[in-house]
Every structure is written in C-alpha cells, then in structure tokens.
Amino acid sequence: MARGWLAKACLAAGSALCTYIVCEAAITAWFRFGGRGNSEWFFEESGRTVHFDAVAGYRLTETPSRWTRITNGVVEYVGTLRGNNAGFPSAHDFTIRRQHPGQRRIAVFGDSFTSAQFNSVNWPQRAEQEMERDGHPAELMNFAVDGGGLANWWSVLTREVGSKGYELDGVVFAVFTNDLYRRFLFAEDRGAGSHMYGRAPGWNREDLPKIFDDAKGRLRSANGSHIVSSAEFDAVLRGQRPASVPRPPLRPAIARLVWHLLLNYFQPEALPDRWNAGQLAMMADIRRFLEERNIPAVVVYLPGRDELAGRDGLTKGAPELERAALDFGSRIGAEFWDGTQPFRDATPQQIRGYFFPYDYHWNQAGSDVFAHFMARRLEEFSNVEEFSDVRATASRSPLTRSGQRLGTR
C-alpha cells in the first residue's frame with residue numbers, strides 16, 4: 001500500500017515537473033525571442049547631455065539626446081533630454097531677475113513626473129501656456145530632477161536658487177510616492193555604455209558628493225539601459241537591435257514571476273515611521289529659506305496610476321504617502337493641494353489612457369489633465385499679494401487628516 005502511494009506521488013510529481021519544464025521553456029522562449037517580458041531604455045549618445053553636478057546631482061546640457069523605452073516589444077515613448085541655460089528641464093532659459101513686470105515667477109520642484117521629458121510638453125510648461133492664454137501670465141521655472149526628491153530639492157533651492165538670488169514669487173513642490181525618502185541622486189553618462197546613477201550614502205550634508213571623485217564609486221548602471229549612437233538609435237526605432245547591445249540575460253519567466261510575487265507578499269515595501277534627523281534638517285532649512293524671503297509655497301501630491309485605478313474607478317491615494325506629503329507641507333509652512341482631484345471623475349478606462357501601457361508615468365494626456373488643474377489653482381491667486389496669503393493659511397492648518405495626527409512622522 002505504502003509503495004503504491006509513493007509510486008503514485010512520484011509519478012504525479014514527475015508529471016508536474018515535466019509540465020512545468022515544458023511550459024517554462026515555451027513561455028521563456030516566447031518572452032526571449034518575441035521581445036516580451038522586459039523593458040529597456042535606449043539613450044542616444046547621452047554622454048553629451050547628462051553630466052554630474054554637485055548641486056543638482058546632474059545637469060542637462062543644451063545638446064539634445066533622444067531616449068526611448070521599449071516594453072514587450074512596444075515603443076512606449078520617444079523623448080528628448082535637453083537642458084536650458086541652467087541645466088534644468090525647463091522650456092525656457094532662466095534669468096535671475098524678472099524679465100516682464102507683472103509676471104509671477106514660481107519655482108517648481110519635482111521628479112520625473114515634472115521633468116517629464118518623455119512627453120512633448122511637461123505639465124509646468126503646459127500650465128504656463130494656459131495661464132498666459134487666460135490672462136494670468138506666470139513663469140513656471142522647472143527645477144525638477146528626474147529620479148530626485150527631497151535631498152535634491154533642498155540642495156537646488158538652498159545652494160542654487162538661494163545663492164544666485166533668483167527673484168521668486170512662489171515655490172511649488174510636486175511630491176510623488178517616495179520622493180520625500182529619496183537620498184541625494186546624481187548621474188553621469190560621459191564615457192559610459194549605459195545610464196549611470198547613484199545616491200548619497202546618507203542624509204547629512206557631508207554625505208553629499210562635492211566633486212565627481214566622491215560620486216563615481218557609487219555610480220551603477222540603470223538596469224536595461226543602453227547608450228547607443230544616433231544611427232543605432234534610429235535602428236532601434238525601426239525594430240532592429242544594435243549588434244553592440246547584448247540581449248537581456250535569459251531568465252525563467254514563470255519562476256521569476258512567482259519569485260517576485262512571493263517577495264512582494266512576504267516583504268512588502270514599507271515606509272519609515274518617522275523622519276530622520278537629516279530629512280528634518282532639510283525641511284527646516286527649506287522653511288527658513290522661504291520665511292526669510294517671504295516666499296509662499298505649495299505642496300501638491302501627485303497620484304500614481306495604481307493609486308487612481310481602484311475597484312470603483314478611483315481610490316483616494318496611498319494614505320501613508322499622502323500623509324507624508326501633507327506633513328512635509330506643514331513643516332515647511334506650505335499650503336497642501338490634493339493632485340488626485342482632477343482625476344476623480346475619470347473612469348477606469350480613462351485613467352488607463354492617462355498613463356503609458358507599462359511604464360508607471362503619465363503620458364501627455366494625463367500630464368495635461370494635471371497641468372489644467374494646476375493652472376486653475378494658481379490662477380485663483382490673481383496677484384502676488386493674494387498668493388502670499390498661502391503661508392498664513394498653511395501656518396494655521398491643523399496637522400490632522402482623517403482624525404490622525406501627522407506630526408509623529
């Protein structure tokens with residue numbers, strides 16, 4: 001009896017193993033040779049454009065470089081990396097002083113959702129266009145750092161905007177997911193075969209690289225990124241893989257999927273319960289900068305696709321992330337705006353249409369929806385004096401949301 005049971009068990013196990021091997025081989029081959037199951041980024045000679053900088057993390061030169069993301073054999077976007085005269089992804093050059101009397105100057109800080117050089121027009125530029133059209137001229141100075149967050153914003157605001165004495169009427173911080181937990185990011189593509197980036201080891205000022213030699217030891221290749229020539233880039237867009245670019249390593253597709261599911265189930269990403277001393281010091285510096293210059297500020301929370309697309313078409317957003325953004329705004333004396341508002345009436349299908357099919361960033365349509373929202377909110381302040389009332393409102397705002405105290409972070 002026991003031997004019969006054991007034989008049946010072995011037969012069943014062997015049959016299951018054979019079935020798995022056949023399925024794994026077929027699906028892995030389909031993914032491998034059909035260009036499925038992987039995302040890759042191709043940069044057109046980005047060494048001429050992406051250069052390390054100790055203040056911003058990196059600067060974008062005025063020499064353009066195209067870039068594209070290809071997922072499952074589909075070209076999701078083709079964008080252009082290019083900086084203005086200050087090395088930031090703004091549509092126009094920066095000047096220290098106001099060039100047009102009566103035009104408000106607002107510095108905008110954010111990450112890739114705000115730099116958005118995968119779209120034709122990023123949201124600060126679109127909002128600026130709408131405000132100009134509506135008779136509320138404003139210059140939205142885009143200081144966003146793709147991949148950056150609190151540490152880069154602090155550095156650019158205090159060591160670039162402040163040291164050069166930029167004339168400003170307001171500051172906007174566009175906060176997405178874990179931006180407030182991101183240590184200082186830097187990048188350098190010169191002499192590299194892939195996009196190279198790294199982060200400072202800690203949050204203290206002495207942890208930030210002062211020269212490139214301080215940073216190069218922490219640079220690492222962005223997975224799936226390739227720097228190619230212009231001719232090779234054109235070939236990629238035609239569906240031809242350059243001979244100089246190796247194919248992604250062969251990995252078992254089913255086993256890889258199961259492994260990632262198990263990791264996410266047993267080790268979900270968790271945010272720290274409290275701000276650390278370095279984060280608090282940077283927030284205090286930002287508040288001091290704003291108060292000393294009497295510059296009002298706004299913190300706006302940016303929603304992600306997964307946060308928006310709920311069972312009923314919309315969820316309020318990731319509570320912990322939104323509470324963190326709200327607390328950040330309170331600590332720097334800023335007004336808080338909820339960036340999920342312009343998407344609340346959208347259907348699940350519309351929400352999917354606002355983002356790329358695989359990449360988690362919003363596409364031009366989603367960016368424009370948010371830009372329209374920001375333009376309307378900024379237009380509510382018809383002059384500098386009314387815009388300055390924002391701080392007074394923020395300083396009186398209670399640090400609560402849904403009955404929870406936020407100051408404990």
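Q: How do α8 and α10 lie relative to each other?
A: The general idea is to compare axes, lines fitted to C-alpha atoms, for helices over the stretch in contact, with angles from 0 to 180 degrees between N-to-C directions. Angles under 35 degrees count as roughly parallel, over 145 as roughly antiparallel, 65 to 115 as roughly perpendicular and the rest as oblique. Here the axes of helix α8 (residues 277-293) and helix α10 (residues 319-332) come within 8 Å and cross at roughly 50 degrees. The two helices, α8 and α10, are therefore oblique to each other. This is a predicted model: local features need pLDDT of at least 70, side-chain atom pairs count only at pLDDT 80 or more, and totals for chains, interfaces and linings use all residues. Residues are numbered from 1 along each chain as its sequence is written, and side-chain values use heavy atoms, with hydrogens and water left out.

Q: Which residues of α8 and α10 make the contact?
A: Contact means heavy atoms within 4.5 Å. From α8 come L280, M283, I286, R287 and L290, and from α10 come F328, S330, R331 and I332. By class, this contact of α8 with α10 has 6 nonpolar, 1 polar and 2 charged residues. (Ala, Val, Leu, Ile, Met, Phe, Trp, Tyr, Cys and Pro count as nonpolar, Asp, Glu, Lys and Arg as charged, and the others, Gly among them, as polar.)

Q: What is the strand order in the open sheet of 5 strands?
A: Strands of a sheet pair through backbone hydrogen bonds, either parallel or antiparallel. Strands (E, at least two residues) and helices (H or I, at least four) are DSSP runs, numbered from the N terminus, and two strands pair if DSSP finds at least two bridges between them. In this sheet the order is β7-β6-β8-β13-β14, with parallel pairing. Its edge strands, β7 (138-142) and β14 (335-338), each pair on one side only. Neighbouring strands are turned by 25 degrees against each other on average, direction ignored. Strand β13 (residues 297-302) pairs with β14 over 4 bridges in the parallel sense, and Y301 stands opposite D338 in β14. Helix α3 (residues 123-133) packs on the sheet, touching β6 (104-109), β7 and β8 (170-176), and its direction makes about 175 degrees with that of β7.

Q: Which residues line the largest cavity?
A: On a 1 Å grid over the protein atoms alone, a cavity is a set of points where a 1.4 Å probe fits but cannot get out, and a pocket is an open set with protein on both sides within 12 Å along at least five of seven lines; lining residues have an atom within 4 Å of a point. Grid points are joined across faces, edges and corners, and a volume is the space filled by probe spheres set on the points. The structure holds 1 cavity of 30 Å³ or more, and the largest cavity has about 40 Å³ of space. S90, A91, H92, N122, P124, Q125, E128, L140 and N142 line the largest cavity. Helix α3 gives the most to this lining, with 3 residues.
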